[in-house]
Amino acid sequence: MKKIEQGKYELFTTKEDAIVKLMQMQGLCREEISDYQRLEFYCSKKGKITVTNPPSKHIENTLSTTLYAEVIEQDGKTYVVYHTVYSNGNNVLKIISLVLLAAMSVLAVIFALGHSDKKAPFVVFALCCAFFILQLINTLKEKKNAPEDCQILIKELEKRVEAVNLWDK
């Protein structure tokens with residue numbers, strides 16, 4: 001994982017109170033990442049924060065860019081310390097799944113050649129190739145979009161910090 005950005009925000013409350021308030025704000029965010037994927041804000045009881053897309057059973061829906069943060073106390077003040085990371089490993093998994101998809105497509109075409117008319121295998125093959133190319137482009141584009149995605153993730157954290165700071169006003 002490669003760190004992209006890091007920083008911290010001050011919270012004008014105690015660590016325990018901040019964690020309770022941040023936990024109340026958990027859930028889906030209004031903002032979307034560059035590929036129109038939803039974001040989710042999560043804060044644990046220990047003050048560990050994650051902003052990423054909601055869990056999915058499909059690997060191609062997983063983001064490679066994630067924000068991690070933690071609520072800490074330092075010099076009698078409370079802070080949220082964050083960093084954003086980009087995971088190349090996630091993209092490798094996406095490309096492996098695409099290669100497996102391509103292999104299954106070729107096998108489907110070979111099977112279709114033996115059991116159908118002449119046009120159907122080529123239509124299946126063309127559709128599979130088009131899907132493969134689109135998914136590959138999206139996977140490669142994700143790395144290019146990482147800096148903009150990080151800014152969206154940081155803004156989402158910043159909104160939550162401002163909400164905690166304005167909670168009783």
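1. Val 92, Leu 93, Ile 96 and Leu 100 form a nonpolar surface patch of about 360 Å² in this predicted model. Areas are from the Shrake-Rupley method with a 1.4 Å probe.

2. Leu 93, a member of that patch, belongs to helix H2 (residues 88-115). Its relative accessibility is 45%, which makes Leu 93 partly exposed (buried is under 20%, exposed over 50%, partly exposed in between). Helices are DSSP runs of H or I with at least four residues, strands runs of E with at least two.

3. In helix H1 (residues 15-24), Ala 18, Ile 19, Lys 21 and Leu 22 are buried. These residues lie on the same side of H1 because they cover an arc of only 165° around the axis, taken from the directions to the C-beta atoms. Exposed Glu 16 and Gln 24 sit on the face turned away from the buried side.

4. Thr 78, in strand S6 (residues 77-86), is buried at 4% relative accessible area. Its contacts (heavy atoms within 4.5 Å) include Tyr 9, Leu 11, Thr 13, Lys 15 and Val 71, leaving aside residues up to four places away in sequence. A polar atom of the Thr 78 side chain lies 2.7 Å from the backbone oxygen of Thr 13.

5. On method: residues are numbered from 1 along each chain, and side-chain values use heavy atoms, without hydrogens and water. Local features need pLDDT of at least 70 and side-chain atom pairs 80 or more, while totals for chains, interfaces and linings use all residues.

Methods:
Buried means under 20% relative accessible area, exposed over 50%, partly exposed in between (1.4 Å probe, protein chains only). A polar contact is a pair of N or O atoms within 3.5 Å; within protein, one must be able to donate a hydrogen and the other to accept it, and residues adjacent in sequence count only if both atoms are side-chain atoms. Patches are made of residues with over 30% relative accessible area and no salt bridge: like charges are joined within 9 Å, nonpolar side chains (Val, Leu, Ile, Met, Phe, Trp, Tyr) within 5 Å. A salt bridge is a side-chain nitrogen of Lys or Arg within 4 Å of a carboxyl oxygen of Asp or Glu.
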